[in-house]
Amino acid sequence: MEYRQRTGLLLEAALRVAGSVRSYRLYKTIVECVTMFKIGTTTASDEKILSWFKDVMQKNYGGPEGIPRIDVGDINIETPDEDEIATDDTCKLQIEMKRPHAENFTKQKIAMAQKQGIPPQVALQTFREGWWIIIRCKKLDGNAPVDNEHLQKNPILASLDIGSKKIFESEVEENRLLNAWPFIVSSIAQKSGKFNVSFKAPSAPGKYKFYIDIKSQEFLGCDQVFTVEKDIIDKALIERKEMEEEEVKDKKTK
């Protein structure tokens, strides 16, 4: 138990580091390491391992409907209360999700609790199912300017050698993290939910493709990637409602 707790703390610390340097590849890999550690495998991509895990889930949770996964419905990115997304806006990802395995998981957990003589309500209280929403983007109409300010101010990178620093500094645009947001399903019977994730819009105007990863830290073979394309407008070229209101106030006071 002590070993698992210590390992868990180390992985959590590694996630913090990956987030501070905005490295999508590092963050993604650590989340996969968490999953592998919990399940007890040495890979999250080997087809034989994925097939084995799928068979175990079907056997333990009542067939194909017991295979854990997330079905995504409506998905959109916008700046709240605005008609457009401007550079450096605080954007919001809105996403609807469903858990098709919820019913089979609930039935099986209740059956297991009854078999062990444990009150079902007690057994279900300890249920936790962790998922991640990871956001990044790529400029489609030209190259985005490289911004390494967050790296220059990062105290962790100060202790690295030049070669290691260059790995993070030269990271391509679409592998730079915009935000990584965890959510925990604590009700095993929950079938759906709506989630909002905030992040900062790119600082350069243009057309962008946003990549949204849905990753599990409990299960293998159920990670997905979705894309949303949006135009980012130069904030210097638009007038927002609050700016117009300020101008009206100024005129009234004169």
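A disulfide is counted when two cysteine sulfur atoms lie within 2.5 Å of each other. Keep that cut-off in mind as you look at this predicted model, where a search of the whole structure finds 0 disulfides.

Take C137 to begin with. The closest cysteine sulfur to that of C137 belongs to C91, and because 9.5 Å separates the two, they are too far apart for a bond. C137 is buried, with a relative accessible area of 7%. Now turn to C33, which is partly exposed at 29% relative accessible area. Its closest cysteine sulfur is in C222, 16 Å away, so this pair is too far apart for a bond as well.

Next, have a look at the backbone. Most residues other than glycine have a negative phi. R22 has a positive phi, near 60°, and you will find R22 in the loop between α1 (2–20) and α2 (24–39). With a relative accessible area of 26%, R22 is partly exposed. D81 also has a positive phi, near 65°. This aspartate sits in the loop between β1 (71–78) and β2 (85–86), and D81 counts as exposed, at 82% relative accessibility.

Our last stop is P100, in the loop between β3 (90–98) and α4 (102–115). P100 counts as partly exposed because its relative accessibility is 22%. Leaving aside residues up to four places away in sequence, P100 touches E65, R69 and D71.

Key
Residues numbered from 1 in each chain as written. Predicted model: local features only at pLDDT ≥ 70, side-chain atom pairs only at ≥ 80, totals over all residues. Heavy atoms only, no water. Helix = DSSP H or I, 4+ residues; strand = E, 2+ residues; numbered from the N terminus. Buried < 20%, exposed > 50% of the residue type's maximum accessible area, 1.4 Å probe, protein only. Contact = heavy atoms within 4.5 Å.
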